[in-house]
Protein chains: 6
Amino acid sequence: MVRDYTKHADGSVLVKWGDTWVLCTACVEEKTPPFLKGSGRGWVTAEYAMLPSATGGGRRERDIKKLKLDARSAEIQRLIGRSLRAAVDLSLLGERQITIDCDVLQADGGTRCASITGGMVALETAVRKMLSDGRLAVDPLLRRVAAVSVGICDGVPALDLDYARDSRAEVDMNVVMADDGRFVELQGCAEREPFSGAQLAAMLTLAKNGLRRIFRIAAAATGGEARRPRRPGAASRKRSLRGG
Amino acid sequence: MVRDYTKHADGSVLVKWGDTWVLCTACVEEKTPPFLKGSGRGWVTAEYAMLPSATGGGRRERDIKKLKLDARSAEIQRLIGRSLRAAVDLSLLGERQITIDCDVLQADGGTRCASITGGMVALETAVRKMLSDGRLAVDPLLRRVAAVSVGICDGVPALDLDYARDSRAEVDMNVVMADDGRFVELQGCAEREPFSGAQLAAMLTLAKNGLRRIFRIAAAATGGEARRPRRPGAASRKRSLRGG
Amino acid sequence: MVRDYTKHADGSVLVKWGDTWVLCTACVEEKTPPFLKGSGRGWVTAEYAMLPSATGGGRRERDIKKLKLDARSAEIQRLIGRSLRAAVDLSLLGERQITIDCDVLQADGGTRCASITGGMVALETAVRKMLSDGRLAVDPLLRRVAAVSVGICDGVPALDLDYARDSRAEVDMNVVMADDGRFVELQGCAEREPFSGAQLAAMLTLAKNGLRRIFRIAAAATGGEARRPRRPGAASRKRSLRGG
Amino acid sequence: MVRDYTKHADGSVLVKWGDTWVLCTACVEEKTPPFLKGSGRGWVTAEYAMLPSATGGGRRERDIKKLKLDARSAEIQRLIGRSLRAAVDLSLLGERQITIDCDVLQADGGTRCASITGGMVALETAVRKMLSDGRLAVDPLLRRVAAVSVGICDGVPALDLDYARDSRAEVDMNVVMADDGRFVELQGCAEREPFSGAQLAAMLTLAKNGLRRIFRIAAAATGGEARRPRRPGAASRKRSLRGG
Amino acid sequence: MVRDYTKHADGSVLVKWGDTWVLCTACVEEKTPPFLKGSGRGWVTAEYAMLPSATGGGRRERDIKKLKLDARSAEIQRLIGRSLRAAVDLSLLGERQITIDCDVLQADGGTRCASITGGMVALETAVRKMLSDGRLAVDPLLRRVAAVSVGICDGVPALDLDYARDSRAEVDMNVVMADDGRFVELQGCAEREPFSGAQLAAMLTLAKNGLRRIFRIAAAATGGEARRPRRPGAASRKRSLRGG
Amino acid sequence: MVRDYTKHADGSVLVKWGDTWVLCTACVEEKTPPFLKGSGRGWVTAEYAMLPSATGGGRRERDIKKLKLDARSAEIQRLIGRSLRAAVDLSLLGERQITIDCDVLQADGGTRCASITGGMVALETAVRKMLSDGRLAVDPLLRRVAAVSVGICDGVPALDLDYARDSRAEVDMNVVMADDGRFVELQGCAEREPFSGAQLAAMLTLAKNGLRRIFRIAAAATGGEARRPRRPGAASRKRSLRGG
């Protein structure tokens, strides 16, 4: 992870997971989406896109050529947005919007998990900047989140499949987790054969272990220290993470 | 479930789950998407939309007015499509496309699960019609799938939340299952607070029980008899359910 | 006609004319289009769409897939809107917009006439609701309107052609009439051969008789009693029914 | 009417009716729309647009800025297309498409009638050109059509209203007629008050007289002689003028 | 040049350069684009379009059919807008926008230069109108601009190529000049072979001579007298012509 | 310049000119645009886009959100495409299309010149790859092209303005040159004040010197040796570089 990769965004990081490279940036805007106007609350949203030459198998047409947001991108950016909103107490953000842009420069599997994990680093950078320049008085971050993909390949549960193995996996699962070990989002999908409860359990264990390591790397990227445990107490429990 | 609700589609059913009404139809076209041309394989895809007056809280603008497919609809129709493709051996379908249209006439929570379950009935009806009129020689259906939503509301796991309870739930999870009890798709999302492994287990148990009942109802709707167990043996295991 | 078919709209009716089924709903919004802002006047508009599986001859692509409102739909919804505005004194509506959505679940000819007639019932239901909950003090309805299609088929004038006969008719004419027997809109179109003045007169007589019956049915649907004759006197004569 | 106004189109005419100026061109393309492929039949279609500065009351945004074909234009160009197809035996045209473009340079009421009448001249010019250069062996024109608008203004039926009078008319009616005096299309619309059968009759008489004069002018524009009466006999009666 | 060609625009001119006919109109609107709100400054912008039948080689599809502004048109209208803004002191215009519409009725090479030159006439007409009706107190025009195309054809520099020669030219260059002989915009493009500094100089000399004549014609079109030399002094020098 | 930056494209380079970073990739497709089908000729085209966070002054909305290709991007990508086609003998390319994608990761002035220069490197890399794997027998490259921006800032001609100086420059000029010192494209634009012939000459001299250095750097990036002088003889002179 190369933090502060570009200079104009409020937070930016270039995530390099093997041959998967995602540039994640966070931009703060002093406006809020219409449905929150007057609520005093802020919003975190995400956009995800691939450069035309990011994947193997030939150039992909840009969305604007077809005048349609790619449906897979739409699904992924909703996932990233929901996951990152789970990390923030939106009522402490003020009427601001933070947009996390995840642009895939090169893809080799796992781009949505790299985007969530990198997006969290960019988001945290932007929040710290707002705290240090006085735009925010109280830290609105409730927790860190990160994501990892697991799957079942040739009958064996496996972590972080690259594209070659991922494309012949029987099951593909994305696990978004908070740094206290609880789940934020879980998306499992049988690609070839439905999966049993036992297989699910094996994948979740694998994911948990992988995520522990990722949280350590992300903590290093955002300043070297693990995030102090903010008590997930009464206040935050009552606050909604829910989004649109 | 009112089967054969409309007459022009190859299969159609009006699903009424409480105040959630979804019209699911299946249309067979003798063409295949470009990426399958010449492969001998077929395709199953889904489209999902809400009528403008389907929800409470005021009229929703039609997508065509905004020239954009609603991102939530895009996400849902990809889920429906993936789930239903898991029910079919696409290599036995021939170069045909079956489109499942799920149009929500009235919404009160759980529309995506109603769509998957109703879509399966419409799909099965269309397949039987093709078998009886000779367009298909071998039944391409591998299994039935159905879906149910579970959640955690005020700390208690609960099945099939209506809109009022769903909108204040802490966790929302959609479980798509095959009729042999294995998982096809799992989408869980922390709306207010991350969830633990124990909470996940409780929700999955609840879902399993609910789905057993739903499979009985769906079986009744498509002809009264439970689906004969097609051996999920060597052949089908090797075949891919994977989609785009 | 099944009135109050769905629950979230302010008025709703499922019109079943043979195999033509149209769901008509009326939604009231406390806003007015830009060109009426500050005028104190309201607006009535209509949207018309077909479900993809509504017609025979194969599935129709959704408009949003092509990013274009179907031109035939555009023409029809303008007709519905103009016809229904003729029933309302817009200056008595306040700065409100009532949108009539006409969604064709199944089509077998005559969908635009079914939409106008059903739209009138939905509109009247919504207006009565506003009168009873005090949002309106004075009834803004000037008259009822209804529509019927007539044509010339094999040289013989005929009422209400189904799709099979309609598609080989020589002339196709839609007649929108007020309940006092005067014309609101007239759209006649030579499909195969121009038509003479005598043929026009024969079609109009047929339409008039058909509409008398339809007004009785619509009156029953909206409350059993025929609409009290509101004097089409000085005031209303001066008011404009004109729309955009 | 200034015939052969521009040089690249196969037929072109600048219609000047008072301050309403419409440039009508006909372009022949050696292709046919998909639904006619292999049928041996041709097609006539129309497009209608206004320049941004064509009307009083301020500049109109171009459609491409809003990414939407103006709904009024869509309605009008369908009317023009239907009307002109009524003039042609499409089965004699071969698999060709003739597109009539009607671009309003300046508007002062009656643009749709000017477009139909001018479009007919452009169409006839293009057909004669194809006959003279041998692309067509048999004249496919069945008849000439022309259009005129009538209305009721201050209670009095009147022909050809300019914009100032048209915008306060009670009734607005467009009459498209063949040169044998029969109707091709009839579109009447109550703008302020429904109209009676007697009023309808008065307007139609007025229209008929107006159209007789217009046919003489159009004949002059396309070559000075009135169109020889092609027997509207057995053959043409069986042919369909119907369009999409 | 036919000035005051249409009546609804604030300025209008039909430019006929050989077989290239462009209708240029100027419309003043009492609004300013968002990025100038509150600045007290105005804006001049341009739109350029071709009628479908304007060119040889077959009918061109309208942009709205493809839902995309033609990229060549986008490039040209940006050039026209920049060139005309160079003629105006935007800070003297007030918060107004003047839109120059350039619609090509017929094309035979040089449409962008005809548009700039005609656009200047329409703009000047509109400004004079505002001066005479008191909407403007001070003349905001700094200078006149005009444009001419030069090229190298068969090795010889040539002025004002028609389409036939232009399409086989080796170099194509558009020169926009102010009436004091200085350059406003220069766009040269090697179509077949790069060009040398000597060739550039030859083309610029040719352009300069051609433009001197054009300025005389344009001056005649806007009132017979050459524009009084407004001292291009201290004030105007400091003002920015820059646009978006 | 970091060559071979990403692995899936046929050629790729990350250009870093100060704080302007552009990722240029070249992708070869075995297809040709419709207007070249059957001609035996190939095509080179370019697409240009900025990431949302690439510029200072706040996040830019993605084109797909507005459903419109940014007009400035459209203009720039046409310039890049024309410039690079001038480097290739398209008739030697076969019916192939090479798309140059220029994605700006960070912008600080001069992105279009960086795109042309980097695009040339990516193009040359892709061509060499095709030569070495036998897809091309003869080298279709005629010459190298590169671009540099010059301007007049505070009255003084200056090379390669960064954004801060560029935005207050009086004149902005982009010069695209071939490696034999001749001009490929010239785009000069008066931003505040028209410029004289003397100022033009000064800018061109500056550009020429700057480009000599850039050609040396680009040569180094594509293999260390200067491009052998391909005789710009009879054959290439007759071939057209012209594009759409």
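## Sheet and aromatic contacts in a predicted model

Cys27(C) stands opposite Thr99(C), a residue of strand β5(C). The model is a predicted one, in which local features need pLDDT of at least 70 and side-chain atom pairs count only at pLDDT 80 or more, while totals for chains, interfaces and linings use all residues. Residues are numbered from 1 along each chain as its sequence is written, chains are lettered from A and ligands numbered from 1 in the order in which they are written, and side-chain values use heavy atoms, with hydrogens and water left out.

In chain C, β3 (residues 20–29) and β5 (residues 97–106) run antiparallel and are joined by nine bridges; two strands pair if DSSP finds at least two bridges between them. Strands (E, at least two residues) and helices (H or I, at least four) are DSSP runs, numbered from the N terminus. Both strands belong to an open sheet of five strands with mixed pairing, in the order β1-β2-β3-β5-β4 (chain C). Because β1 (2–3) and β4 (43–50) of chain C each have a single partner strand, they stand at the edges, and one side of each is left without a neighbour in the sheet. Helix α3 (residues 111–132) of chain C lies across β1, β2, β3, β4 and β5 of that chain, running at about 35° to β3(C), where axes are lines fitted to C-alpha atoms, for helices over the stretch in contact (heavy atoms within 4.5 Å), and angles run from 0 to 180 degrees between N-to-C directions.

Over all chains, a search of the whole structure finds 18 aromatic pairs, counted when ring centres of Phe, Tyr and Trp (its six-membered ring) lie within 6.5 Å, with planes under 30 degrees apart called stacked, over 60 edge-to-face and the rest tilted. One of them is edge-to-face, formed by Tyr5(B) and Trp21(C) at 5.2 Å centre to centre, with 70° between the planes. Tyr5(B) lies in the loop between β1 and β2 of chain B and Trp21(C) in strand β3 of chain C, so the pair joins two chains. Tyr5(B) is buried, with a relative accessible area of 11%, and Trp21(C) is buried, also with a relative accessible area of 11%; buried means under 20%, exposed over 50% and partly exposed in between (1.4 Å probe, protein chains only).

The table lists charges over rings, where NZ of Lys or CZ of Arg is within 6 Å of the ring centre and within 35 degrees of the ring normal.

| Charged residue | Ring | Distance from ring centre |
|---|---|---|
| Lys16(A) | Trp21(A) | 4.1 Å |
| Lys16(B) | Trp21(B) | 4.0 Å |
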